Amino acid sequence: MSTVTDTAPVPATRDDAGRPVKKRREGANVWLSLLAWVVGILFVLPVVWMVLTSFHSEADAATNPPAVFAPITLDGYREFFSGGASPWPPLLNSLTASVVSTIIVLLLSLPAAYALSIKPVRKWTDTLFFFLSTKMLPVVAGLLPLYLFAQYTGLLDNIWLLILFYTSMNLPIAVWMMRSFLSEVPVEMLEAAQMDGANLVKTLRSVIAPVVTPGIAATALICFIFSWNELLFARVLTATVAETAPVFLTSFVTSQGLFLAQLCAAAFVVSLPVLIAGFAAQDKLVQGLSLGSVK
Amino acid sequence: MTSVAEKTTVESAPEPPATARKVSAWARRAPLLPALVFMIIVTQLPFVATLVISFMDWNAYYPDERGFAGFDNFVRVFTDVNMRDAVWTTILLTVGVVLISLLLGLGIALLLDRKFRGRGAVRTMMIAPFLVVPVAAALIWKHALYNPEYGLFNGALTWVWGLFGSDNPPQPDWISNMPLWAVIFSLVWQWTPFMMLILLAGLQGRPLDVIEAARIDGANGWQIFRSMTLPHLRQYLELGALLGSIYIVQNFDAVFTITSGGLGTANLPYTIYQIFYQAHDYGRASAAAVVVVIGTIIIATFALRTVSSLFKEESGR
């Protein structure tokens, strides 16, 4: 067989044999693309459903089969913002805790990453792995001592305690991320700056900062997301004054009867900052979440 | 690079005064110290406190009976059926979520590693679950999806059965019927995007010319996948499994929200939270925490070895 096809009419038969294969592959490609779309839609469906339900009336939200095309209303949001306890204090608490802890994390991690990448200290890998190992310790083991400490110092229900904890929670991630971004700074640029007699602060500001600014932004967004999402410690360490948005969400469901639209509105409002931050950092999300090891 | 630089400085200045060397070493260390000291104080001191409390009789309900307990708390932890169940639940939950989301993530990453219309849109849709606040996601799954009366799942069943003219669709009570799976599925939904992103990054780092060469040599898709793509992805799979495990072992939000730890879904973080927050038994909660930390250290040692091997490959610095 093969000897026959390998002789004179080769181009023709190959063409003939090649085309169906190619066609079949194109056909498969269409199906695979369709599959990708179906999977994507399935994964985003709960989010879409949450948003859609939040714009329905409570009666339409609790129907079976689902009333997809029910009239749109803002009642769920109205009820969430002005129905019972105001969500603004918890939202502001979350914002304070996330933003302030993120700023402290950046202030601590940037110089630390500098000392671990650009001018590495001795045994810098050990230090780096010390930071990572703290991330592996179960946080629940630190819960009780932190609670007792807060009780004795009167810091219970104080947002600064959460800020302290969120800083320690995110610092290892930030150090790893920053190290990976800083190691992208070309060494020649640093040497040139040093030749010009620039000191540490000046080098940081004028040589390193411009190169790593996108990285700093991504680190900040990821630290913000993790702090904003945190539930366990916020629940144990805060009460009415320093309550954060996730805690508010859990306490808000229990009592009410027909609440699905309102719940979806609440869940969407609380998730909105994370959705925005996450999509803004989309390109750097992998690098951040993999602690800088995947580029 | 740096080692070379160090050598040359040593050679050019044969005997730098010891004090100067010390000063420069400290100058190098200085930027690191604030972060390092902060981490040691905030993460290591509490653990020492936990260790001390774990040997104490300390229940907030009986403040007068505080004292030294020896190994009593540990004995109670090891003989407690709930704790043993919690260990098992934690393993099932973590392994289940990590494995399923890795496999799904791999499949989806392969689907997205091709050019097609709307690839960016599908990628964005895929990321969305990861960007919903975990508590909010758990609440949505519990009330808007799993609810037996008006949840989307049973609603969809009613709709599909209605299409075939049946008005008697199955309406399972998802959470009561399969509580652990209910928690697992909601977490798989949140973590698959994470795995997909890591694996997609891995796929895009494949040496395409080698694969093209293999294809010209007549290797089919499966052969290429098995003997080229998969080995290349191995370290990314390991990384995804490791990071996923770090986060999912500690999961509290989903268990707390969807089942409140009932129906055999209480994992270790939830159980310890309960001993501490509801039973106020500080001694026993600390002993449980110490046991969990020791267990974690054993597992983490292996895990860290994986990361560090990855890390050495990556950075030739």
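## Notebook: chains A and B

I started with the interface: 79 residues of chain A are in contact with 83 residues of chain B (contact: C-beta atoms, placed from the backbone, within 7 Å). Before going on I noted that this is a predicted model, where local features need pLDDT of at least 70, side-chain atom pairs count only at pLDDT 80 or more, and totals for chains, interfaces and linings use all residues. Residues are numbered from 1 along each chain as its sequence is written, and chains are lettered from A and ligands numbered from 1 in the order in which they are written.

I asked which element gives the largest share of the side of chain A that touches chain B. Helix 2 of chain A does, with 15 residues. Helices here are DSSP runs of H or I with at least four residues, strands are runs of E with at least two, and both are numbered from the N terminus. By class, I get 58 nonpolar, 19 polar and two charged residues on that side of chain A. For the classes, Ala, Val, Leu, Ile, Met, Phe, Trp, Tyr, Cys and Pro are nonpolar, Asp, Glu, Lys and Arg are charged, and the others, Gly among them, are polar.

**Chain A overall.** I went through the secondary structure and found 14 helices and zero strands in chain A. Of its 295 residues, 47% count as buried (buried: 20 or more other C-beta atoms within 10 Å of the residue's own; exposed: 12 or fewer; partly exposed: in between; C-beta atoms placed from the backbone). Among contacts in chain A with a separation of 6 or more, 77% come from residues 24 or more positions apart.

**Domains of chain A.** The assignment gives domain 1 (2-77) and domain 2 (87-289), with bounds from an automatic or database domain assignment. Twelve residues of domain 1 and eight residues of domain 2 make the contact in chain A. On the domain 1 side, the elements giving two or more residues are helix 2 (10-54), helix 3 (58-61) and helix 4 (75-82) of chain A. Helix 2 of chain A gives the most there, four residues. That side of domain 1 has five nonpolar, five polar and two charged residues.

**One helix pair in chain A.** How do helix 5 (residues 88-117) and helix 12 (residues 245-253) of chain A pack, and at what angle? I read an angle of about 150° and axes 8 Å apart. The axes are lines fitted to C-alpha atoms, for helices over the stretch in contact, and angles run from 0 to 180 degrees between N-to-C directions. The two helices are therefore roughly antiparallel (over 145 degrees; under 35 is roughly parallel, 65 to 115 roughly perpendicular, the rest oblique). Helix 5 brings A:Pro90, A:Leu91 and A:Ser94, and helix 12 brings A:Ala245, A:Val247 and A:Phe248. I count the classes as five nonpolar, one polar and no charged residues.

**UniProt records.** For chain A, the unreviewed entry lists transmembrane regions at 30-52, 95-116, 128-147, 159-182, 203-228 and 259-281. Positions are in the numbering used here, feature names are shortened, and annotations may be inferred rather than shown by experiment. I checked two of these spans in chain A: residues 30-52 are 100% helix, with end C-alpha atoms 30 Å apart, and residues 159-182 are 100% helix, with ends 32 Å apart. For chain B, the unreviewed entry lists transmembrane regions at 32-56, 86-112, 124-141, 180-203 and 282-304. Residues 180-203 of chain B are 100% helix, end C-alpha atoms 32 Å apart; residues 282-304 of chain B are 100% helix too, ends 31 Å apart. The "domain: ABC transmembrane type-1" annotation, also from an unreviewed entry, covers residues 87-303 of chain B. That span is 76% helix and 0% strand, and its end C-alpha atoms lie 19 Å apart.

**Inside chain B.** Is helix 7 (residues 134-145) of chain B enclosed or open? Twelve of its twelve residues are buried, so helix 7 is largely enclosed by the rest of the structure. Among the buried ones I noted B:Trp141, B:Lys142 and B:His143.

Most residues other than glycine have a negative phi. A:Asp157 is not a glycine, yet has a positive phi of about 60°; I found A:Asp157 in the loop between helix 7 (140-153) and helix 8 (159-182) of chain A. B:Leu263, also not a glycine, has a positive phi of about 55° and lies in the loop between helix 13 (253-259) and helix 14 (268-277) of chain B. B:Leu263 has 16 C-beta neighbours inside 10 Å and counts as partly exposed.

Notes
Contact = placed C-beta atoms within 7 Å.
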